[in-house]
Amino acid sequence: FWPLRSSALDLELLGCAYAMGSFRTFLGLRALVAMVRLESGLSQMDAKQVAEVMSHFADLCAHPPRPQRDSMPGPLPQSELEAHGLTFVAVNLVFRHGARNAIHDPSGCFESKVAEGLFSDCHLRQGMAIAPRDASGGKADSLPPLLKTYHDEYHEQLNAPGVGTGCGPSQLLDEAQLQFHALALAARDAYFDRLPQEPTRATTWSYSTDTDRTLGSTYLFRHYLFGEGGDQFDAGRVQTRNFASDAWACRVPCPAASAAIADAKRYAYSSGDGAEKEAERRASAAFSKRWEEAFGKPFHAVCHDPVLVSKCTGRLPNASLVGLNQSVIEGLLDEAVAVDYWQARTKYLKYKEAWTLLVGPALLELQDFARRQASGIEKRAFATWATHDTTIIPMLVALGAWDYAWPQYSEALALEVYRGASASLAEGKAYVRFLRRGRVVKVPSCDPGGPLGLCDLETFLPKAVAKLRDRNVWASSCSMTPSTPTVSGSTIVMTSQSVEPMAILGMGMLIGALLALGVMFGAGVNMGRASMSMSMLRKSLLEERSSP
């Protein structure tokens, strides 16, 4: 180990690494903490913060089968339901796609000799089907669908489809097959025997965003749920929308929200004064320099993506190629992830209103589907919704329920649907239980809760989301005619001359900002840990640098 002044810090980091199940994590954290202390004079408390950042990525890779098995505890015991006059009627699984290749080209972050061979193991080459329909747009023809098969990049391999190790951007890795095999077995064991009828291909609702990684994950999940039975061309039906306007991809056309989030890139760390910004600039430049010295390319915002993929696949940059100890390399990779995490966390929390506008329609669709399941109108009691980490986080943020943990590959959120079966519970009343990683998620709008701690389906969504059911409210909230996104504290304010509700909101936030300014000069402001950026931590630490 590197020598340290504080052996207590070593013990704390060892404890954190042990909880994350990796001694190599300790080495990475140790290198990261040593670097940060050197640049900013961080104390032991702040080293804990660095360790906390890395803990939010624990089990990100979701190597099967434990994470998948642990995420499916199953519905409440039948005896408890009967005692409270309840019936379990349906479940919705909102899951992230499986392990994938990097979306961003690793050669932009590592020089060619380091990047070469980092990413392979992409052999899931069968694409999704395109089913023809009749000319009038009615029912599907009897013709088989068109299938697509991926080839490697080089033309000489065209005669050997599906052979080779080349990986295209965001392509599912081989491990995705094992992840969804494990998830399917866990879902079958947890739910199939408890649903009113055992699900089949025909009676299962499957939604997916229109990307190969989510469609492919849906295909794998369905395949392992239902086996090889049925016609070779009848893999089932998957519902989707145009990706560019899909709320399940946070892509609905909402100019005000999109502008606010685009603005977030500028405000992620830069909310302080000139000295604070200068400290940030110097720290960023120093890290970028060390990164370039190690890997031959300057560090930039998208480098966290190939870093996470390389950590999950175990194909880390070779120490012999860069002339550094492997643990130092891992420390740099961890730091790259931490830098992006703080930017992303600030972006999601500070701009909660904007993300709520983008993901709100998906949450409303989920609530409506669960309502129909509870009433019996929707007969498909088992439903799956394939999406992305960058949708799951805004969903949790909009619900006020994000615990800062990053979604794992193939991670499934479960929304279990229950129905009152007795007069005392207003027969037919719908309740839900929301689970993440096998644990009940506390949603503030559900308080005080119903029988067995269940949530009334009608209060599952916060008022900020529920009001968007009125399309006029949603449209006016998204309007920019004209509109200027401004940052105020930990919220985004949309000001608009033509939209009265937003003007009122803007005036309210202006008054709030002035009051906050008065408090700042009078007694200081407690920003709250959830929205405190790394720059604010760094500033306070620099001020205490001379302290023992």
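**A tour of selected loop residues**

Select Pro448 to begin: this residue sits in the loop that runs between strand E6 (439-440) and strand E7 (455-456). The model on display is a predicted one. Display the backbone from Asp447 to Pro448, where the peptide bond is cis, with omega near 5°.

Remain in the loop between E6 and E7 and select Leu452. Leu452 is a residue other than glycine, yet its phi is positive, near 60°. With a relative accessible area of 30%, Leu452 is partly exposed.

Next, select Tyr404, in the loop between helix H15 (389-398) and E4. Tyr404 is not a glycine either, and its phi is positive at about 80°. Is the residue buried or exposed? Tyr404 is buried, because its relative accessible area of 19% falls under the 20% cut-off.

Proceed to Gly428, which is placed in the loop between strand E4 (412-420) and strand E5 (430-436). Gly428 has a relative accessible area of 35% and is therefore partly exposed. Which residues does Gly428 touch, not counting those up to four places away in sequence? They are Arg419 and Gly420.

Finally, select Pro65, found in the loop between helix H3 (44-55) and helix H4 (66-70). The peptide bond leading from Pro64 to Pro65 is cis, with omega near 5°.

Technical notes
Residues numbered from 1 in each chain as written. Predicted model: local features only at pLDDT ≥ 70, side-chain atom pairs only at ≥ 80, totals over all residues. Heavy atoms only, no water. Helix = DSSP H or I, 4+ residues; strand = E, 2+ residues; numbered from the N terminus. Buried < 20%, exposed > 50% of the residue type's maximum accessible area, 1.4 Å probe, protein only. Contact = heavy atoms within 4.5 Å.
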